[in-house]
Structure formats: structure tokens, C-alpha cells
Amino acid sequence: MRLLGRSIPRVEDPPLITGRGRFVADITMAGELHMRIVRSPVAHARITHIDVEAALELPGVVAIWTGRDTAEIPPIDFRQEGLTDLYPYRQPILAEREVRYVGEPLAAVFARDPYAAEDAADLVFVDFDELDVVVDPRADPAPFDEDSDTEAALVNVSYGDVEAAFAAAHRRVTVEVSVGRHTGVPMETRGALAVREHHGRIVMYGAAKVPHYNRQAIALMLGLGIDDVVLREGHVGGGFGVRGELYPEDVLVCLAALRLNAPVKWIEDRKEHLVATNHSRDQVHVIEAAVDADGFITAVRDEFWLDQGAYVRSHAATVPNLTAAMLPGPYVIPAYECRGHIRLTNKTPAGTYRAPGRYEGTFARERLLDAVAAELGEDPIVTRRRNLIAHEDMPFARPIRALGTEMEYDSGDYPSILEKTLAYVDDKGLCAELDERRASEEWVGLGFAFFVEKSGLGPYEGARIDVDDDGGIRVVTGAASMGQGVETAIAQVCGDVLDVSVDGIRVVHGQTDEIDYGLGAFASRVTVMTGTATQMAARALLVKAREAAAHLLEADPADIGMVAGNLEVVGAPERRVSLAEVARSLDPSGAKRTGMVPTLSAEAWFTTEHMTYPYGVHAALVRVDEWTGGVEILRYVVAYDIGKAVNPMLVRGQIVGGAAQGLGGALLEEFVYSDDGQPLATSFMDYLLPTVTEMPPVDVLLLEDAPTPLNPMGVKGAGEGGTTAFGAAVAAAIDDALDAPGAVTRLPVSPERLRKVICNIQRSPREKGER
Amino acid sequence: MKPAKFEYRAPRELEEALSILAEVGDEGKVLAGGQSLVPSMNFRLARPAVLVDINGIGGIDSVTSSSDHLVIGTLARHVRFERPVTDGPLGHLLALAARKVGHRPIRIRGTFGGSLAHADPAAEWCMIATLLDATMVASSVRGQREITASNFFKTVFSTALEPDELLTEARLPLLNPAAKIGFVEFSRRAGDFAIVAASSVLDVEGGRISTARIALGSVGGTPLRSPAAEAVLQGNVPSGELFAEAGEAAAGDVEPMGDIHGSPEYRRDLVRVLTRRSLQASTEH
């Protein structure tokens with residue numbers, strides 16, 4: 001049964017849609033304590049005194065810790081090793097002497113119920129000496145501590161002779177653009193429950209994304225052996241990059257379970273989430289192109305500032321590194337120089353969010369391409385066509401390293417997907433709708449943006465497949481699932497090889513005591529890495545099953561095939577045994593008789609040194625209300641080539657969901673701060689997530705024209721491309737609606753900002769009438 | 001986001017509710033639909049010592065018409081107004097407004113009286129009450145009194161209600177059957193509180209506007225009428241130019257406050273366009 005490429009329904013859905021999901025908040029243990037974090041109400045201050053007396057007297061309160069009680073616990077480290085320059089900027093689990101953002105944990109209350117914990121947290125009184133607040137990442141660097149300043153690092157990426165290209169340029173085009181501060185806001189907030197089990201192990205429920213790494217980090221911070229800590233992932237209500245990273249609260253619950261000798265539970269509330277969980281984006285770019293007389297871009301120079309917030313968290317410099325490495329995107333750009341300033345401010349720390357670094361870099365680059373087109377007085381599509389990397393130049397290496405790998409676009413046909421997208425957009429009626437609405441004097445515009453994504457980050461991932469005596473198949477992986485369909489995709493890969501339906505396959509993920517290694521779910525890597533490992537393990541299992549079946553059927557293993565879950569002699573289907581019979585024949589006694597290794601199981605590890613690079617085009621049809629500055633996205637198209645789709649329905653779901661988040665960043669979501677560092681978007685009344693009403697219909701053109709040569713299935717990751725170019729495409733469409741190239745320079749496009757732009761541009765005659 | 005401790009009282013009779021309110025005074029807070037109060041309590045912005053839940057009281061959710069008024073019981077839910085509750089332009093106006101009140105789950109639970117008593121200057125019902133100069137009926141153990149909208153809304157989240165008083169009904173004057181009504185809002189997402197809202201009622205006699213009412217929401221501490229815009233309209237022939245002029249006059253009438261969704265200048269700009277659009281829409285029905 002061919003399962004690869006089929007849109008089979010998700011195997012993980014039945015419990016979720018029948019109310020049988022088990023999220024971390026659903027887990028309750030006898031005698032559990034509830035942790036409540038006391039968070040800083042000020043953006044930057046020295047802590048002079050913390051009074052916990054009144055809080056401790058409340059009934060049900062068991063303990064209250066301040067930074068002094070956790071001073072021996074090291075700060076939270078980076079997943080990448082060796083970044084010693086960034087060490088001063090790591091976040092402690094509780095602030096001891098100084099708080100650096102509103103929301104920073106400065107005390108932890110433990111009580112017998114969550115109400116008592118919150119009541120007590122209200123009674124913890126803190127005296128502060130307020131310090132200068134930095135909210136502008138482009139201000140001159142200020143002292144961070146005695147030895148370091150607020151420019152944590154400078155990211156440098158360059159190749160080619162940029163100076164010479166600019167000196168010889170026919171034209172130079174510069175734009176300054178920025179993407180506001182927003183982030184992933186999963187439906188399920190973070191949470192953790194830690195309990196000390198018999199044998200003294202600490203088990204933490206509520207893990208996600210990178211359980212194996214976090215297990216090791218928690219063990220190290222608490223002075224435990226790696227095997228003394230177990231992380232368990234249950235159902236997870238969305239990740240998007242922010243969920244599952246190691247945060248102070250995760251370490252605190254484990255430490256508390258040890259010290260207080262009771263299960264300790266912490267469930268983040270939404271108000272906390274918006275100031276405690278990683279923010280993201282927030283980059284300002286000044287980007288410049290050198291263009292020759294033929295309209296070819298000979299060099300790009302970019303300088304950008306990332307508002308990192310108050311600390312450098314577990315991602316270290318991943319986001320700015322990706323911005324710098326991925327910024328050139330699909331264009332040849334023979335010379336390139338990028339300088340990225342990682343600047344500390346007094347805001348919630350920033351990390352990765354779906355399409356990290358690329359949403360921002362794509363916006364900067366595509367705005368630049370549009371500006372070049374305007375300078376040349378030509379259709380932006382023409383400018384893009386001229387500068388795209390040619391199909392015959394694939395694979396295309398850039399002398400850049402990205403996430404520790406050499407950057408080589410593995411496969412692709414960029415000119416082809418651009419033409420296919422244009423035809424698709426026309427075919428779907430976007431052009432006709434544009435013309436019709438224009439004819440009735442609506443302000444509508446169509447915009448395009450090209451993007452290149454990266455996926456399938458190595459270096460390794462594994463899978464072990466066990467078949468039990470009933471023929472039940474269990475695939476144990478080191479992957480993690482935030483709800484994206486891991487179980488379905490992995491079961492499909494396994495079932496495809498073994499010719500069994502996905503119903504008989506159980507996929508295990510996020511359990512650190514089930515498999516020794518696993519890097520988890522990020523960077524659109526699970527289907528590529530774990531999927532490939534699963535395919536390899538399934539093939540190895542098949543080899544073993546055929547050998548064992550050969551013994552049972554007294555045939556040659558080479559003559560045995562797997563058909564609908566049974567092993568049979570090719571050409572003589574009556575001579576067959578079931579997978580269960582084969583598994584039973586491999587019990588220790590049976591295996592001894594045949595001289596085989598017991599158990600029907602196999603394990604495989606896939607390693608790679610390169611990432612795969614999916615790519616695509618976004619197109620937006622928008623309507624602008626010129627009197628209010630309101631923007632409505634009428635239609636949206638995402639064309640995406642991911643090499644091979646294991647399950648096209650899941651891929652489409654990823655793309656549409658990703659597009660919704662791209663829309664949020666383009667039009668609605670922004671963490672606004674006051675000049676004194678107070679966050680002003682601290683609830684869903686002010687942090688505006690897109691709802692179903694704001695989402696346009698999204699048409700997805702899913703292409704498989706360029707399978708990657710880097711894995712046997714040819715798959716590339718599909719998790720992020722729905723988000724990447726959304727801001728860039730919407731900006732181009734708004735420009736087009738206003739007939740004002742370069743009108744949009746900042747995301748999100750707020751109606752007020754756009755209304756100002758409209759008031760400042762030349763008024764066209766059609767505007768004067770009543771609308 | 002767990003509320004602070006409170007005592008919960010659930011009277012079954014109006015008299016009982018009023019005596020509880022008299023007893024607890026400042027310490028009490030009335031729970032109707034809870035769509036604003038409960039989130040405020042969860043944020044610990046509101047910490048009532050006693051919550052008086054009036055949902056179990058019968059007979060205070062009716063919507064009835066008298067010869068000249070629509071009488072709305074305090075517990076009438078927003079959703080009820082999505083389709084006209086009365087013939088003529090008033091029912092239509094209320095339906096336009098109702099569809100802008102939050103999202104459907106909010107409309108199913110939230111109440112007309114609760115919204116008035118909460119007195120959010122962006123709330124649709126507060127603006128409608130101001131537009132029509134509705135009469136609010138406040139009940140207490142001391143008796144009943146009537147308060148007109150212009151005296152009812154004091155400032156943001158503040159009304160003329162005394163701590164022991166319960167808003168039991170609102171009386172909206174029925175409109176002239178030929179009245180032209182308009183209601184428009186601008187918000188960044190469907191269901192959000194308006195950045196600015198505008199509503200209007202025009203009576204036209206002999207081709208000229210005989211009476212004009214314009215009310216604006218989210219431009220100050222309370223919903224506001226715009227006397228200047230009304231004066232511009234009064235006695236004149238409706239036209240696009242006249243409506244634009246009224247928009248200008250309305251913009252000059254307000255001193256909006258700013259927040260992260262709109263500065264004072266932007267809100268004033270929106271008053272200009274939304275006033276015009278409300279009037280324009282009213283003549284296109």
C-alpha cells in the first residue's frame with residue numbers, strides 16, 4: 001500500500017476532537033503544590049528588599065523563594081555550545097540583584113492550590129531602585145553590567161567584493177524597513193509538572209520541542225545525572241518555536257520537586273505568557289542594492305538591529321544568524337555584506353518564531369527588490385525574473401554558513417515556480433477580481449514576494465521500530481510533536497515500507513527514557529530527519545522480517561515480499577505468514593532455533609551535514625480603505641515546492657496555519673512598549689491575533705518539482721513557508737493599491753500609520769468623490 | 001489570572017437582590033452576563049468582596065414595546081437584538097449595533113443592562129442610549145428613579161448609579177417610522193471594541209432634515225452627541241457635501257484620548273469619516 005503522498009486523516013485527531021486530550025494542565029497528582037511566579041512590575045531596577053512575611057502567613061502557602069534561594073543554580077545556557085561572548089547575557093532562573101524587564105521572575109511562591117499561590121504572590125512586596133531603561137535597540141550601546149554593554153554581539157556575513165560592486169553601480173537603491181515585535185501565541189500556554197519518582201528520578205511532564213536537550217540542561221543545572229531526569233511530552237497545543245524552549249519556570253518546578261519533596265505544578269496564564277514567553281522578530285534593516293545598467297543586482301549591503309530584549313535565551317544568536325545567512329534568498333547577488341547588531345533592551349527576551357530571521361529578512365529583501373523595480377520603472381516581477389538563480393545553476397552554493405552548515409541550495413527551479421505562480425494566480429481569478437474592483441474605484445492591489453526557506457537541520461535523528469507478538473508496530477523516535485501531525489507523517493513513512501495501514505502503527509515522541517538521542521522539532525526538520533530515519537529503520541525491519549519469514553515458509557528471503565501486512569512467497573501467495581507470526585517466531589527461543597537476534601525490531605540513524613532549501617512565492621490581493629487606513633486581505637496564494645509531500649493535506653494545513661501567523665505579524669500583532677519599558681499589549685484586547693474573520697481564503701499551489709537529493713524520499717520541510725513571505729507580499733500589495741511604491745516600510749501595517757501615508761501621497765482624482 | 005477571594009450571592013427575587021446591594025454597598029458588584037466583569041476579576045483589576053449574581057431573577061430580561069418606548073429588561077442578552085425586536089427603524093438600528101457587539105459567544109451571554117452599567121465609552125449600547133437619550137431605570141430598596149442617558153454616563157466605567165442601585169431597565173424612544181438610521185464602526189478586527197464608532201438618526205420632512213441626532217463612541221470618557229454636526233444638518237437638504245460638512249463639524253466637537261490602537265489625531269480623523277459614512281448609509285437604506 002503506497003502511503004507516501006496520500007492525504008490520509010490525522011491519526012492523532014480522535015482523542016483531541018473527543019475531549020480526551022492530555023495536556024500538561026490535565027495531569028494532577030496527589031499532594032501537588034502550585035507554583036506562582038512573582039514578576040517584576042518595572043523594566044529595569046536594582047532590587048533593594050523583598051518582603052515575603054505577609055505572603056508566607058497565608059494559609060496553604062508552603063514556601064517562597066527569591067533569587068537568594070536559587071543563587072547557586074547557573075543561568076540558562078544556550079543550546080549551541082561555545083558561545084562564551086554571550087555568557088554575560090544569560091538569564092538567571094530568579095533575578096537576584098537586578099530586574100531587566102517587566103515580567104522577569106523574581107520570586108516563586110509554592111502553595112497547596114493555585115488561588116492561594118496567586119493571593120500570596122500579590123503579598124510579596126519588593127522595593128526597587130529604578131535604573132535607566134533602554135527601549136530603542138538603535139540607541140548608542142549602554143552598559144549592561146560592569147564588563148559588557150548592550151551590544152551583545154555583531155553578526156557578520158559577507159562574500160564577494162561589495163565595495164567594488166557599489167563603486168561600479170549604475171544605480172544604488174536604499175530602503176529602511178522594520179518588522180515589529182510579535183511572537184507565537186499557542187492556544188495552550190506553557191506548563192510543567194515535576195515529580196520525584198521512586199529511585200529518585202525527577203520526571204517533568206509538559207516538555208515539548210527539545211525534550212532531550214532540556215533533560216540534559218536541567219540535569220546539569222541541578223547537579224543531577226542525565227539519567228536522573230526524565231522529560232515527558234503529552235499533547236501540546238502549539239509550539240511555533242516559543243514553546244518547549246528551556247525557561248526559568250521549567251527549572252524551578254524541577255528544583256522545587258526535589259527540595260519540597262512533592263509534585264510541583266506550574267501552568268502559565270495568558271497574562272504571563274505575553275510577557276514571559278519568548279518574543280520574536282523586531283528588527284530594523286537599512287538595506288542597499290547596487291544595480292548595474294542591465295538592472296542586475298550586483299551587490300547587497302545590509303545592516304540590521306535586533307531588539308533582543310533583556311537577556312539572550314536558549315537560542316543564543318540563532319535568529320540574527322539566520323537573518324544574515326538567508327537574506328540573499330533566491331537571487332544571485334554576487335556580492336553581499338551583512339552586519340547584524342544584537343542589542344539588549346529592557347523588554348521580554350526574544351527567541352525563534354516560525355520562520356525565524358526569515359520573515360524579517362524576506363521582508364527587507366523583497367521590499368528592496370520592489371524599490372529597485374520602482375527605481376528602474378519596471379514591473380517588480382521583471383526585476384525578480386532577471387535576478388533569480390537559474391535552474392541550471394542548482395545546486396547553488398553561497399559561501400555562507402547557516403546553523404553550522406555550509407549553505408548550498410540543494411535543488412530548485414526558481415524561474416519556473418514564479419511563472420507557475422503567476423499563471424495560478426490568474427487561474428484562481430485574482431487578476432480578474434483586481435480588475436473588477438479597480439473598475440469600481442476600489443483601492444485594491446496585488447503583490448508578490450519570493451522566499452527561500454531552510455529545513456531538515458541535522459546532524460542526526462533516529463528511529464527504532466518494534467513489532468509486538470500481536471503484530472502491533474511501535475515507532476520510537478526522538479522527535480517532538482507540537483500538534484503538527486508528526487504521528488501521522490511518521491506512521492505513513494513506516495506503513496509505506498511495511499505495507500500496513502497507519503492504524504496499526506503507534507508513534508512515540510518526546511519521551512526521553514524511550515530513546516537515547518533526539519534533537520526534537522524545530523527548523524522544519526521532523527519529516528526530513530525523523531521521517532528518513534523511520535524509512536531506513538522500516539527497511540531494516542523488513543529485511544529481518546523476510547529472513548525470519550523465510551525460516552517459517554522454508555523459502556529464500558529474496559523470494560519473500562510484504563503484502564498487506566503479511567509476508568508471502570512471491571508468486572505463491574498461499575504460502576504466507578502474518579507479521580505477528582513472524583514477530584512471535586523471533587521470541588528468544590525461536591530466535592535461538594534460527595540463529596537470529598531476538599525480537600522483530602530495527603533501529604536506524606540518519607545523519608546529514610546539510611539543510612534542504614524549499615522555496616516559494618506568496619501573492620496577496622488586498623483592499624485598502626483610504627479614509628481609515630484599514631486593510632482587508634481579499635485573497636491569498638502560497639506556492640511552495642517542498643520536494644515531496646508525505647501527506648499533502650498536512651502540508652496544506654501547515655501552510656494555511658503559517659499564513660495566519662504571517663498575517664498577524666503583517667497587520668495586527670505587536671508588543672508595544674512605553675518609553676519606560678511598560679508593555680502595553682498584555683491581553684488579547686491589545687495583542688491582536690488574527691481571527692477567522694480576518695483570514696482570507698488561501699489557495700495553495702503545492703509543487704514537487706525539485707525533490708532534494710539529500711534524502712531518499714526527496715522531502716523538504718514544510719512547516720514555515722506559509723509564514724515567511726506574508727509581510728513582504730502584503731506590503732507589495734498595499735503599495736500597489738496605493739500606486740505608491742515604497743509606501744509600506746514597517747510591519748505591522750497599522751491603519752493609523754497607513755492613513756498617514758495615504759494623506760502624504762499625491763492625491764489622485766478618484767479619491768475626491770464620496771465612496 | 002485567578003480572581004481574588006469573593007463572596008458569591010445568588011438572589012432569586014429582585015427585592016432580595018436590592019436588599020443585598022443595600023447591605024453590602026461599595027463592597028458589592030452585580031454579575032449579569034459577566035463578559036467584562038469576569039475578565040476584570042481574573043486580571044484582579046476588579047476585586048469585589050461580594051458578587052451579586054442576578055441571573056437567577058425572573059422577569060428582568062423582557063423586551064416590550066409601549067406606545068412610545070421600547071422597554072428593555074436589564075438581563076436581555078445582546079444576541080436577542082441581532083434580528084429586529086420591533087418593527088421600524090429602531091429595531092433595525094439595534095440589529096446593526098448588536099452585530100458589532102463582541103463575538104457571538106459574548107453576545108449570547110452578555111446583557112444590555114450590564115453593558116450600560118459597565119459604561120465602556122466604546123460600547124455599542126452606551127452609544128445607542130446616548131444617541132436616543134434613553135431613560136435608565138435604577139431600582140433600590142429606597143425606590144425607583146429614572147435617569148436620562150446624558151446624566152447616566154459620568155466617565156469611563158462610571159455611571160450615576162449608586163452602590164445600592166440596580167439598573168433594571170432601559171427605555172428607548174421609538175423612532176419616526178420614516179427615520180433614517182446609521183451605525184458604523186471602525187476596528188482592527190471584527191468583534192473588537194471600536195476605535196471610533198458613529199451613529200445617526202435623521203428625520204426628513206419635505207426634503208429637509210427636521211431633526212438630526214449624531215452620537216460618537218470611543219472618543220472620550222463617555223459616548224458623545226455632536227451638537228455641532230447636528231446643527232450643520234438641521235434644516236438642510238441631505239447630500240454628500242452636507243454629510244461631509246457634518247463630519248468636519250463632528251471632528252471639531254471631540255477631544256479624543258489616545259491608546260495603542262489610535263492616537264487622538266487619528267480618532268478625530270475617523271470621527272470625520274465615520275460620521276459622514278453613518279449619515280450616508282442612513283440615506284441609502
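What I am showing is a predicted model, in which local features need pLDDT of at least 70, side-chain atom pairs count only at pLDDT 80 or more, and totals for chains, interfaces and linings use all residues. Residues are numbered from 1 along each chain as its sequence is written, while chains are lettered from A and ligands numbered from 1 in the order in which they are written.

Let me start with the sheet. In chain A, three strands make an open, antiparallel sheet in the order E22-E23-E24. Strand E22 (560-563) and strand E24 (572-578) of chain A are at the edges with a single partner strand each, so one side of each has no neighbour in the sheet. Strand E23 (residues 566-569) of chain A runs antiparallel to E24(A), and four bridges join them; Glu568(A) has Arg576(A) in E24(A) as its bridge partner.

Now to a helix pair. The axes of helix H9 (residues 358-376) and helix H19 (residues 726-738), both of chain A, come within 8 Å and cross at roughly 30 degrees, where axes are lines fitted to C-alpha atoms, for helices over the stretch in contact, and angles run from 0 to 180 degrees between N-to-C directions. Contact here requires C-beta atoms, placed from the backbone, to lie within 7 Å, and the residues of H9(A) that meet H19(A) include Tyr359(A), Phe363(A) and Arg367(A).

Note on methods:
Helices (H or I, at least four residues) and strands (E, at least two) are DSSP runs, numbered from the N terminus. Two residues are in contact if their C-beta atoms, placed from the backbone, lie within 7 Å. Two strands pair if DSSP finds at least two bridges between them.
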